[in-house]
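The sequence and the model are shown below.

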Amino acid sequence: MAIPAMPSGEEFKPEAAIVNYYGPSDMLGGHVDDMEADWTKPIVSISLGCKCIFLLGGKTRDEVPTAMFLRSGDIVLMAGEARERFHGVPRIFTESDQQEIPALISQLSSGDDVFILEYIKNSRININIRQVY
């Protein structure tokens, strides 16, 4: 997923991953991912579980962000100028807010899979894969 955003002739070398867990009332405030030595490398962000609102703002907190839904399985590629922009997750949508859940019930209703179904009804995981150097 990172290849289209890489500088010409360079290869993406994933060196670290950050896993964010969101419970029913959790959020992630606006921030910039600025700890990597080289900001020309993209961040690949994978969403699993509950859908959420993702805000992508500007280079300052004063700029109005763009809101979008992220659903389980969505991938966001933060590259180029997006690496310098504030972003965050103000809300996740749990079981009562999700239309996608009934379709999964038949697939995850056996005894061994019930714990997975209960987890995805009320939680969200986001995995951010990045090249540090």
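## Pairing of β3 and β6

The model is predicted. In it, strand β3, which spans residues 43–49, pairs with β6 in the antiparallel sense, and 4 bridges join the two. Within this pairing, I46 has I75 of β6 standing opposite.

## The sheet

The pair belongs to an open sheet of 4 strands, ordered β1-β8-β3-β6. Pairing in this sheet is antiparallel. Its edge strands are β1, residues 16–22, and β6, residues 75–78, and each of these pairs on one side only. On average, neighbouring strands of the sheet are turned by 20° against each other, with direction ignored.

As a general point, the strands of a sheet pair through backbone hydrogen bonds, in either a parallel or an antiparallel manner.

## Elements along the chain

The chain holds 8 strands and 2 helices. Read from the N terminus, the elements follow the order β-β-β-β-β-β-β-α-α-β. In the sheet order β1-β8-β3-β6, strand β8 sits between β1 and β3.

## Contacts and surface

Which share of the contacts between residues at least 6 apart in sequence joins residues at least 24 apart? The share in this chain is 80%.

The chain has 133 residues, and 34% of them are buried. Its accessible surface comes to about 7,800 Å². Carbon and sulfur atoms account for 57% of that surface.

Definitions and conventions. Residues numbered from 1 in each chain as written. Predicted model: local features only at pLDDT ≥ 70, side-chain atom pairs only at ≥ 80, totals over all residues. Heavy atoms only, no water. Pairing = 2+ DSSP bridges. Axes fitted to C-alpha atoms, helices over the stretch in contact; angles between N-to-C directions. Buried < 20%, exposed > 50% of the residue type's maximum accessible area, 1.4 Å probe, protein only. Contact = heavy atoms within 4.5 Å. Areas by Shrake-Rupley, 256 points an atom, 1.4 Å probe, with all protein chains shown as cover.
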